[in-house]
Amino acid sequence: MAGAGKFSGSYTLRPVRRQARPHGNWLIRTLKVLCGGLGNPNLELFVSDPDDPFTYTAADGRVFTIPFPFETDGATTPRAVWWIRGLAPNDFKDGAIFHDAFYEAHHLGQDVVGFDDANRLLGEMARTLGIRSWKARAIVLACKLVGPKMWNYHPDAATGEPDY
């Protein structure tokens, strides 16, 4: 059974030439790269089509659009699980883009949904995109465990990068 939501509209993704750089000593940097602490290092600039905005209609009838351009890496999943069908960064990219947008709106002080709702909606979106229910639940659990640090990040004063 697929999720009950619906995606519509269109968008473009433009490459961002900046590579994410792991912080910390050499051992921490190595572990982050090997274990996937960085998720997908390929950043892209999301831009919704102004004539046909990218939209998600949730199962409960709420309609979400993304009104601003922002950088996304698709799904921030550990490299160690990319080989599992349904868990690679592009396997549920449309849902991951909305999830990233919910977090970005929070960082801008323009909350659309709360932390728990953002994660629940990602699970629903993953199901809508055909991800099996156990994988969608694993995605939501991972977001609940790792997400608070990303939801509440503060940029480093020197680099402007997140301090997580």
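## Aromatic pairs

Two rings of Phe, Tyr or Trp (for Trp, its six-membered ring) form a pair if their centres lie within 6.5 Å; planes under 30 degrees apart count as stacked, over 60 as edge-to-face and the rest as tilted. By this definition the structure holds 15 aromatic pairs. In one of them, Phe7 and Phe54, the ring centres are 5.9 Å apart and the planes stand at 10 degrees, so the pair is stacked. Phe7 lies in strand β1 (residues 6-8) and Phe54 in the loop between β3 and β4, so this pair ties together parts that are 47 residues apart in sequence. Strands (E, at least two residues) and helices (H or I, at least four) are DSSP runs, numbered from the N terminus.

Both Phe7 and Phe54 are buried. Buried means under 20% relative accessible area, exposed means over 50%, and partly exposed is in between (1.4 Å probe, protein chains only). One aromatic cluster is formed by Phe7, Tyr11, Phe46, Phe54, Tyr56, Phe64, Phe68, Phe70, Phe98 and Phe102.

## Basis of the report

This is a predicted model, in which local features need pLDDT of at least 70 and side-chain atom pairs count only at pLDDT 80 or more, while totals for chains, interfaces and linings use all residues. Residues are numbered from 1 along each chain as its sequence is written, and side-chain values use heavy atoms, with hydrogens and water left out.

## The sheet

Three strands form an open sheet in the order β2-β3-β6, and the pairing is antiparallel. Two strands pair if DSSP finds at least two bridges between them. The edges are taken by β2 and β6, each with a single partner strand, so one side of each is left without a neighbour in the sheet. From one strand to the next the twist averages 40 degrees. For such angles, axes are lines fitted to C-alpha atoms (for helices over the stretch in contact), and the angles run from 0 to 180 degrees between N-to-C directions.

Strand β2 (residues 11-15) pairs with β3 over five bridges, and Thr12 stands opposite Val47 in β3. On the other pairing, β3 and strand β6 (residues 70-72) are joined over three bridges, with Phe46 opposite Phe70 in β6. Leu13 is found in strand β2 and is partly exposed, with a relative accessible area of 25%. The C-alpha atoms of Leu13 and Thr72 are separated by 8.9 Å, although these residues are 59 apart along the chain.

## Salt bridges

A salt bridge is a side-chain nitrogen of Lys or Arg within 4 Å of a carboxyl oxygen of Asp or Glu. A search of the whole structure finds five. Arg62 meets Asp60 in one of them, at 2.9 Å from N to O, and Asp117 in another, at 2.7 Å. Asp117 lies in helix α3 (residues 115-128) and Arg62 in the loop between β4 (55-57) and β5 (63-65), so the pair ties together parts that are 55 residues apart in sequence. Asp60 is partly exposed at 48% relative accessibility, and Arg62 is partly exposed at 29%.

Arg120 and Glu124 also form a salt bridge, at 3.3 Å from N to O. They are four residues apart in helix α3, so about one helical turn separates them. Arg120 is partly exposed at 38%, whereas Glu124 is buried at 12%. Salt bridges that share partners join Asp60, Arg62, Asp117, Arg120 and Glu124 into one network.

## A buried aspartate

Asp73 lies in the loop between β6 and α2 (93-107). Asp73 is buried yet has no salt bridge, and the nearest side chain of opposite charge, Lys93, is 8.7 Å away. For charge, Lys and Arg count as positive and Asp and Glu as negative; His and the chain ends are not counted.

What does the side chain of Asp73 make with the side chain of Thr76? The two make a polar contact at 2.9 Å. A polar contact is a pair of N or O atoms within 3.5 Å; within protein, one must be able to donate a hydrogen and the other to accept it, and residues adjacent in sequence count only if both atoms are side-chain atoms.
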